[in-house]
Amino acid sequence: MKFPKLTKYQTVLEIISLLLLIANVVYIICEYSALPAEIPMHYNADGSVRDYESKSTVWPILGVEVLIYAVLTVVMLMPKLSGEPNLPWEVKDTGKLAVQRETLSLLSECKLLSLVIYGCISVITVEGIVMKMAIVLVLCPLLLIPLFIRLARISRYKK
């Protein structure tokens, strides 16, 4: 099986993503013993704690992060999936390589953004940082910008 060739940009994103994943795993392992038996887990919009959970709750959060990384990496390395993306339109023959590159970049960016989000969730959970809902409502739409940029670029190759 021939894997798709990554651009320098995609390679840098992959390296950063892997380093973030490793850093978060090491962080959770190092900080776990210092956590209290119960940690804040749910917050109201004003940032006040609504519910506490066992400190072992950090492991499923980390597990989801690792799973997302693994699934997106496998999808990126499967040439059939990244080379023939499931789009609601047909792609011009001359644009297939460009669409593959854009798709790989989109997957790399999604992977990096998900690792940043889960890394923040881990730090917020472990450190007991109060997160105001207003900050979340501002940051979440900003995370969608790369998605819309990539989709706009891919749509240029419609038949």
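**Threonine 11**

I started with threonine 11, which is found in helix α1; helices here are DSSP runs of H or I with at least four residues, strands are runs of E with at least two, and both are numbered from the N terminus. This is a predicted model, where local features need pLDDT of at least 70, side-chain atom pairs count only at pLDDT 80 or more, and totals for chains, interfaces and linings use all residues. Residues are numbered from 1 along each chain as its sequence is written, and side-chain values use heavy atoms, with hydrogens and water left out.

Is threonine 11 buried or partly exposed? I get 33% relative accessibility, so threonine 11 counts as partly exposed (buried is under 20% relative accessible area, exposed over 50%, partly exposed in between, with a 1.4 Å probe and protein chains only).

**Serine 105**

Next I looked up serine 105, which has its place in helix α4 (residues 96-127). Its relative accessibility is 6%, so I put serine 105 down as buried. What is serine 105 in contact with, leaving aside neighbours within four places in sequence? I noted Tyr9, Gln10, Leu13 and Arg150, where contact means heavy atoms within 4.5 Å.

**Serine 54**

Serine 54 lies in strand β2 (residues 49-54). At 37% relative accessibility I have to call serine 54 partly exposed. Leaving aside neighbours within four places in sequence, serine 54 touches Ala37 and Ile39 by the contact rule. Alanine 37 is 17 residues away in sequence, and I read 5.9 Å between the C-alpha atoms of alanine 37 and serine 54.

**Aromatic rings**

I searched the whole structure for aromatic pairs and got one. The pair is tyrosine 32 with tryptophan 59, tilted, at 5.0 Å centre to centre and 45 degrees between the planes. The rule I used: rings of Phe, Tyr and Trp (its six-membered ring) pair if their centres lie within 6.5 Å, and planes under 30 degrees apart are stacked, over 60 edge-to-face, the rest tilted. The pair links distant parts of the chain, with tyrosine 32 in α1 (residues 8-32) and tryptophan 59 in α2 (residues 58-77), 27 residues apart. Tryptophan 59 has a relative accessible area of 34%, so it is partly exposed.

Which lysine lies over the face of tyrosine 32? It is lysine 55, at 4.6 Å from the ring centre; a charge sits over a ring if NZ of Lys or CZ of Arg is within 6 Å of the ring centre and within 35 degrees of the ring normal. I found lysine 111 over the face of tyrosine 69 too, at 4.7 Å from the ring centre.

**α1 against α2**

I then checked how α1 and α2 pack: an angle of about 160 degrees, axes 11 Å apart. Axes are lines fitted to C-alpha atoms, for helices over the stretch in contact, and angles run from 0 to 180 degrees between N-to-C directions. The two helices are therefore roughly antiparallel (over 145 degrees; under 35 is roughly parallel, 65 to 115 roughly perpendicular, the rest oblique). Among the residues that meet, I jotted down Leu18, Leu21, Ile28 and Tyr32 from α1, and Trp59, Leu62, Val66 and Tyr69 from α2.

**Whole chain**

Last, I wrote down six helices and two strands for the protein chain, in the order α-β-β-α-α-α-α-α. Of its 159 residues, 31% count as buried.
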